[in-house]
Protein chains: 2
Amino acid sequence: MRPHSRLPLLLVLLCGAAFAQVERPTPDSLPSWKDGAPKRAIVDFLRRATDEAGPDFIPRGARLAVFDHDGTLWSEKPAVEGIFVLERVKAKAAKDPAVRSQPAVQALLKQDLAYFEQRGPEAVGELLAVTDAGLSDEQYQAQVRQFLRTARHPTLNVSYLATAYAPMQELLELMRNSGFQTWIVTGGSADFVRTFSQQLYGIPPEQVIGSSLRKELVQQGNRSVVVRTGELLTLDDKAQKPVNISVRMGRRPAVAVGNERSGGDVAMLTYAKGSKGASLQLLIDHDDAKREFSYDEPDGASLAAARAQGFTVVSIQRDWRMVYAAGTRAVGGSGPADNP
Amino acid sequence: MRPHSRLPLLLVLLCGAAFAQVERPTPDSLPSWKDGAPKRAIVDFLRRATDEAGPDFIPRGARLAVFDHDGTLWSEKPAVEGIFVLERVKAKAAKDPAVRSQPAVQALLKQDLAYFEQRGPEAVGELLAVTDAGLSDEQYQAQVRQFLRTARHPTLNVSYLATAYAPMQELLELMRNSGFQTWIVTGGSADFVRTFSQQLYGIPPEQVIGSSLRKELVQQGNRSVVVRTGELLTLDDKAQKPVNISVRMGRRPAVAVGNERSGGDVAMLTYAKGSKGASLQLLIDHDDAKREFSYDEPDGASLAAARAQGFTVVSIQRDWRMVYAAGTRAVGGSGPADNP
């Protein structure tokens, strides 16, 4: 056999490897996750979902995974977008008595939480109307970028962009390497998260679903521009999450990941659980006061739903080797320690 | 030099070709397009947009192209979804006097066009409420698939799925080979188009934006299901197209393709024209009575906008070598001839 007679076979094998874009999921793909039930459940699910010969195979085009954002992909203490809105409401109120006289602004300045609890989403819409109405997409994005350039996390003393969870960044990448589309479905403003979703999570703006004010088209010179109105279009929380997934994506994802705090993700995880084939639901439990935060949901509904429906609960304390990427501690100095 | 010493180089070259996902656009990539200004404009734009060293380079992640559907990707004579709705309204009205007594249904059965002209989108919503309210996503999809399996185009005598334009299927593929995401932005129902967007155009359901009824989440046994309500959420036409692009995608596409008939795509093309860098807008002119259809917009606004803003007008008669894929004529028998 002449040496080059094996060439075609070699080319097929090597180029075949280049084409086969699905990476075999292994526990090594999740170095920030400790060995435990959640890591095993993830790797096991991905193996089954990508095994063409198995009963749980999901065709490549149908592999959809949705992730909540605050408390699931980055820390939600404090609520970062809340701080962004609060700062801008205060600045506007300082300049303009008409703004100060608005009920939602008065409640905010007086820290009247009852007002917001009573009025719910509408009150959020009232504040967004104060800060955002009339802003074009470009103006809004510029304000978010400016805020994120300088704002620091109050206890970690790092940019909020350094508070993304390293284990979740790994999970997102592993999902994509396994042929899944990764989407964010956030209760926060879609356009807020879109300014950094690619940078932090490898998720393009088009794959972010979230809350939004109504928008309208206006002509500026010979250029048309989309601007925000003062009216809420959708508050993407609870039952509205699966509804918006259906409206925007048109089909049901098999994978959904959320966290406990307000019950905001139960409906989305239940929806994914209703997939016809194999599916995976993860619920992050914030139980790590040392490295992140520890908080419970008042009525415990999310953890109860996890028990009842078989969602996999992820304990930050027990299941994550590290919480943030290494840089966060280095910059923070007093930042939280690892939990080896 | 021993034969296998060239092996590494060969591997690099061949596997490199497999990895380089951007195909150099050439006129040969559009065999159904005649040589002419539109074909040259497309190839020229794609070369510039993908030329990393040039001034018009668009980074890969920012390459977004939006396409209208009816009259742009397939024939809109007749309006296919209109027939789907009409058949189901008639069937419901035949069974149920309460349905027959609804004003929109009465107008439809009496062919009272004035009613629909006067009430506009609301009247469309009234009909969709009759046919779709209470249907789950799965039930709706099953009805669309059932309709498309048996319905035939009245003059071409083929399945509607055979009335996609071959030149546009080529253009969509060339766009994707040039690193562009391709999206459909239709005035029709997003969920209607989603049932065949992958099969006909290589566009997954998530990349279809369109009109929609409001939806809500209901529990069926231990499974949650999204169902349609009778209320219109969005009519995705005219100014609402760029607004919905902004809400759903969060950024402005450089490429927009639409057609003349109602002025429904002018706002979307104008929006794409407002991109910061290089951009491309195509407007399909239905001027081919022999092979497709010939119709004008009453006020000529789309063609006027094309002249004023420099959109590229595509004449079906002059610019397309063939209109439908070969099978359409073969099946139809009496189908339209080529225009070589």
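Me: Is M175(B) buried or exposed?

Reply: Keep in mind that this is a predicted model. Buried means under 20% relative accessible area. M175(B) has a relative accessible area of 0%, so M175(B) is buried. The residue sits in helix α9 of chain B.

Me: Which residues is M175(B) in contact with, leaving aside neighbours within four places in sequence?

Reply: The list is L46(B), A65(B), F67(B), F180(B), T182(B), V255(B) and L280(B). By contrast, look at S101(B). It is 74 residues from M175(B) along the chain, and their C-alpha atoms are separated by 48 Å.

Me: What does helix α9 of chain B pack on?

Reply: Strands of a sheet pair through backbone hydrogen bonds, either parallel or antiparallel. Here seven strands of chain B form an open sheet with mixed pairing, in the order β4-β3-β2-β1-β5-β6-β7. Strands β4 (223-234) and β7 (312-315) of chain B stand at the edges. Each has a single partner strand, so one side of each is left without a neighbour in the sheet. From one strand to the next, the twist averages 35°. Helix α9 (residues 166-177) of chain B packs on this sheet, touching β1 (64-67), β2 (181-189), β5 and β6 of chain B. The direction of the helix makes about 165° with that of β1(B).

Me: In which sense do β5 and β6 of chain B pair?

Reply: Strand β5 (residues 255-259) and strand β6 (residues 280-285) of chain B pair in the parallel sense, over five bridges. For one position, find A256(B): Q281(B) in β6(B) stands opposite.

Me: And how many bridges join β3 to β4 in chain B?

Reply: Eight, and these strands run antiparallel; β3 of chain B covers residues 208-220. Q219(B) has S224(B) in β4(B) as its bridge partner. The hairpin of β3(B) and β4(B) has two residues between the strands.

Me: Now chain A. Is K241(A) buried or exposed?

Reply: Apply the cut-off again. K241(A) has a relative accessible area of 1%, so this lysine is buried. K241(A) lies in helix α12 (residues 240-249) of chain A.

Me: What does the side chain of K241(A) make a polar contact with?

Reply: The side chain of D68(A), at 2.8 Å. Then widen the view to contacts of any kind. Not counting residues up to four places away in sequence, K241(A) touches D68(A), V185(A), T186(A), G187(A), D236(A), G264(A), D265(A) and M268(A).

Key:
Residues numbered from 1 in each chain as written. Chains lettered and ligands numbered in written order. Predicted model: local features only at pLDDT ≥ 70, side-chain atom pairs only at ≥ 80, totals over all residues. Heavy atoms only, no water. Pairing = 2+ DSSP bridges. Helix = DSSP H or I, 4+ residues; strand = E, 2+ residues; numbered from the N terminus. Axes fitted to C-alpha atoms, helices over the stretch in contact; angles between N-to-C directions. Contact = heavy atoms within 4.5 Å. Buried < 20%, exposed > 50% of the residue type's maximum accessible area, 1.4 Å probe, protein only. Polar contact = N/O pair within 3.5 Å; in protein donor to acceptor, adjacent residues only side chain to side chain.
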